[in-house]
Amino acid sequence: MIGTDEYLGFAPEHDAPIPYMQRIRDYYQGLGYGAPYRWAHYAEVPFQPLKKPLAASRVTLITTAAPYQPGKGDQGSGAPYNAAAKFFTVYSGDTAIDHDLRISHVAIDRAHTTAEDSGTWFPLPQLRRCAATGRIGEVAPRFYGAPTKRSQRTTIERDCPELLAQCRADNVDAAILVAN
Amino acid sequence: MCHQTVSLAARYLEKNGVTTIVMGCAKDIVEYCGVPRFLFSDFPLGNAAGRPKDPESQASTLELALRVLESAPAPRTTVQSPLRWAADPSWKLDYSNIERLSPEEIRQRREEFDRQKQIAKTARNEARAAQ
């Protein structure tokens, strides 16, 4: 006799998006730390549809990856978490050239991925291809790096206005933000 | 933190006239914050733009993001990429799972966390001093 799950083709119970907030809460409590982190949470969400077709729009990338910093410890494929490689202010880079961006300073899944291919977190070459084929109007002249911080206040009051100012200076229509 | 940072930035830009989409792997964090458009890849953190060494999956992931960018009908539009990381979903049980750690591993993790926190603090102070 086969069970209901198999009969109806159900996926395993744990085959659902990882509940990160709960996982992280339990993890740090298990490690012995105190009050759980209060995650940013809003009931209202802004919405700005594209003002012109994508094929006429200027698109940028925003990344939390960090430029490689020689002398700041292991930032290579398979590197353990490396706080020394963190950055603390918004930076930008020329989208016409390639960049060596790393993610050793953020909490990626080190058991199941090794950060060996920046195409998985910084799709600038793919975005250039989209401009070449006319899928988007153009790639903005610069991409931006956003520092990840525990303090939401610093992100909202310091880094977000800086990102906006840079987007405005570059006449950006749309931004693709890639998390790590 | 990463997913929260880009979510806060997406909201801020959108409110000020820049159309945004978040590409990410942590569905709950992004949706709890609340963003206009979100392409969710059910992949290990660090692979929001597609599978490693697989340009085709990276191209299709970006294309899907562009489609959501131009066609989302309302805020909080989440689209999940149809790509699967592995046939066996058990990788999802590992990330920061306290139940899978021995007391010794928990002790080591805490020590390492405190050590990295100190390194981050030093780096932050140095960055501040350099400004």
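Predicted model: local features only at pLDDT ≥ 70, side-chain atom pairs only at ≥ 80, totals over all residues.

Begin by selecting Q69(A), which, leaving aside its neighbours within four places in sequence, is in contact (heavy atoms within 4.5 Å) with Q75(A), A85(A) and K86(A). Q69(A) lies in the loop between β2 (66-67) and β3 (91-94) of chain A, where helices (H or I, at least four residues) and strands (E, at least two) are DSSP runs, numbered from the N terminus.

Residues are numbered from 1 along each chain as its sequence is written, chains are lettered from A and ligands numbered from 1 in the order in which they are written, and side-chain values use heavy atoms, with hydrogens and water left out.

Next, select the whole of chain A, which has four helices and seven strands. Followed from the N terminus on, its elements run α-α-β-β-β-β-α-β-β-α-β, and its C-alpha atoms fill a box of roughly 60 × 45 × 35 Å, taken along the principal axes.

Now show α4 (residues 152-169) of chain A with α1 (residues 2-15) of chain B. These helices pack at an angle of about 55 degrees, with their axes 9 Å apart; axes are lines fitted to C-alpha atoms, for helices over the stretch in contact, and angles run from 0 to 180 degrees between N-to-C directions. That angle makes α4(A) oblique to α1(B), because angles under 35 degrees count as roughly parallel, over 145 as roughly antiparallel, 65 to 115 as roughly perpendicular and the rest as oblique. Among the residues that meet here are I156(A), L163(A) and L164(A) from α4(A), and L8(B), Y12(B) and L13(B) from α1(B). The residues of this contact divide into ten nonpolar, four polar and no charged, where Ala, Val, Leu, Ile, Met, Phe, Trp, Tyr, Cys and Pro count as nonpolar, Asp, Glu, Lys and Arg as charged, and the others, Gly among them, as polar.

For another helix pair, select α2 (residues 20-31) of chain A and α4 (residues 103-130) of chain B, which pack at an angle of about 95 degrees, with their axes 9 Å apart. α2(A) and α4(B) are therefore roughly perpendicular to each other. Y27(A), Y28(A), G30(A) and L31(A) make the contact from α2(A), and I106(B), R109(B), R110(B) and F113(B) from α4(B). By class, this contact has five nonpolar, one polar and two charged residues.

Finally, which residues line the largest cavity? Select I103(A), T113(A), T114(A), A115(A), E116(A), D117(A), T120(A) and W121(A), together with G46(B), N47(B) and P52(B). On a 1 Å grid over the protein atoms alone, a cavity is a set of points where a 1.4 Å probe fits but cannot get out, and lining residues have an atom within 4 Å of a point. The lining of the largest cavity divides into four nonpolar, five polar and two charged residues.

Conventions
1 Å grid on protein atoms, 1.4 Å probe; cavity = no way out; pocket = protein on both sides within 12 Å on 5 of 7 lines; lining within 4 Å.
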